[in-house]
Amino acid sequence: MFDLKKTVAAMAVLGGMAAAMPAYADDGIVRHGEGKFPISSAIEVPAGATTIYLSGMGAPVQDKKADPKSLAAYGDTQAQTYAALQRIQGELKKLGLGMGDVVQMHVYMVEDPKLGKLDFEGMMKAYTQFYGPSAKQPNLPVRSAFGVAHLANPGWLVEIETTAVRAPGK
């Protein structure tokens, strides 16, 4: 006889197990995730894959009337992160890759002088437009975010360095 309580309990257990299982993609890359934070905790790359290292990228100038070495030229942390990720997306596209092929990301951030601190929240608002449930991007990279004293361009609040993988046969 059908027992609704036991069925719901079994589904909850299986759902929890599925969430803890690594995500195996058709390309052989295995992404391990923990919790709801939109990054992978570890990624396994199969033999035969090609590794692509993208140089650190900041946002392009947003306000052409502003001094290109000023914060006014690039915007706040959220705007800069979004623009830098769009730039990365464009570079990956030139290589026949996409944001789902990124396996590692380093985000270098400086203190926003208007806030007097790093704007991690602003960075995350832009990041989650590319990665995470709201972005519908299932291939999450491993990622670190660093607070640094300065970046090469004094107008930048963010610079992002990425590593992508071209799976065998892609």
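Biologist: Is strand β5 mostly covered or mostly open?

Modeller: Mostly covered. This is a predicted model, and in it six of the eight residues of β5 (residues 102–109) are buried.

Biologist: Which way does β5 run against strand β7?

Modeller: Antiparallel. Seven bridges join β5 to β7, residues 158–166. Val102 has Ala164 as its bridge partner in β7.

Biologist: And how many bridges does β5 make with strand β6?

Modeller: Six, in the parallel sense; β6 covers residues 142–147. His106 stands opposite Ser144 there. The chain gets from β5 to β6 through helix α4 (residues 120–127), and that β-α-β crossover is right-handed.

Biologist: Switching to helix α3. What span should its 18 residues have?

Modeller: At 1.5 Å a residue, α3 (residues 77–94) should span 26 Å. Its end C-alpha atoms are 26 Å apart, so the two agree.

Biologist: What happens at the start of α3?

Modeller: A side-chain oxygen of Asp76 comes to within 3.3 Å of the backbone nitrogen of Gln78. Just after the helix, Gly96 has a positive phi of about 75 degrees.

Biologist: Which residues of α3 are buried?

Modeller: Thr77, Gln80, Thr81, Ala83, Ala84, Leu85, Ile88 and Leu92. Remember that an α-helix has 3.6 residues a turn, so residues three or four places apart point the same way.

Biologist: What covers the buried residues of α3?

Modeller: The cover includes β4 (50–57), α2 (71–74), β5, α4 and β7.

Biologist: Now the largest nonpolar core. How many residues does it have, and which have the most contacts inside it?

Modeller: It has 32 residues. Ile88, Leu92, Met105, Tyr131 and Ile160 have the most contacts inside it. β4, α2, α3, β5, α4 and β7 each give two or more residues. α3 gives the most, with five.

Biologist: What is Ile160 in contact with, sequence neighbours aside?

Modeller: Leaving out anything within four places in sequence, its contacts include Ser55, Gly56 and Met57. Among the others are Thr81, Ala84, Leu85 and Ile88, plus Met105, His106 and Val107.

Biologist: One more. Where does Leu151 lie?

Modeller: In the loop between β6 and β7.

Biologist: Why does Leu151 count as buried?

Modeller: Because its relative accessible area is 15%, and buried means under 20%.

Biologist: What is Leu151 in contact with beyond its sequence neighbours?

Modeller: Tyr108, Val110, Trp156, Leu157, Val158 and Glu159, leaving aside residues within four places. Val110 is 41 residues away in sequence, with the two C-alpha atoms 7.2 Å apart.

Notes
Residues are numbered from 1 along each chain as its sequence is written. This is a predicted model: local features need pLDDT of at least 70, side-chain atom pairs count only at pLDDT 80 or more; totals for chains, interfaces and linings use all residues. Side-chain values use heavy atoms; hydrogens and water are left out. Buried means under 20% relative accessible area, exposed over 50%, partly exposed in between (1.4 Å probe, protein chains only). Helices (H or I, at least four residues) and strands (E, at least two) are DSSP runs, numbered from the N terminus. Two strands pair if DSSP finds at least two bridges between them. A crossover is right-handed if, with the strands pointing away from the viewer, the path from the first strand over the helix to the second runs clockwise. The expected span of a helix is 1.5 Å times one less than its number of residues. Contact means heavy atoms within 4.5 Å. A polar contact is a pair of N or O atoms within 3.5 Å; within protein, one must be able to donate a hydrogen and the other to accept it, and residues adjacent in sequence count only if both atoms are side-chain atoms. A nonpolar core is a set of buried Ala, Val, Leu, Ile, Met, Phe, Trp, Tyr and Cys residues joined through side-chain atoms within 4.5 Å.
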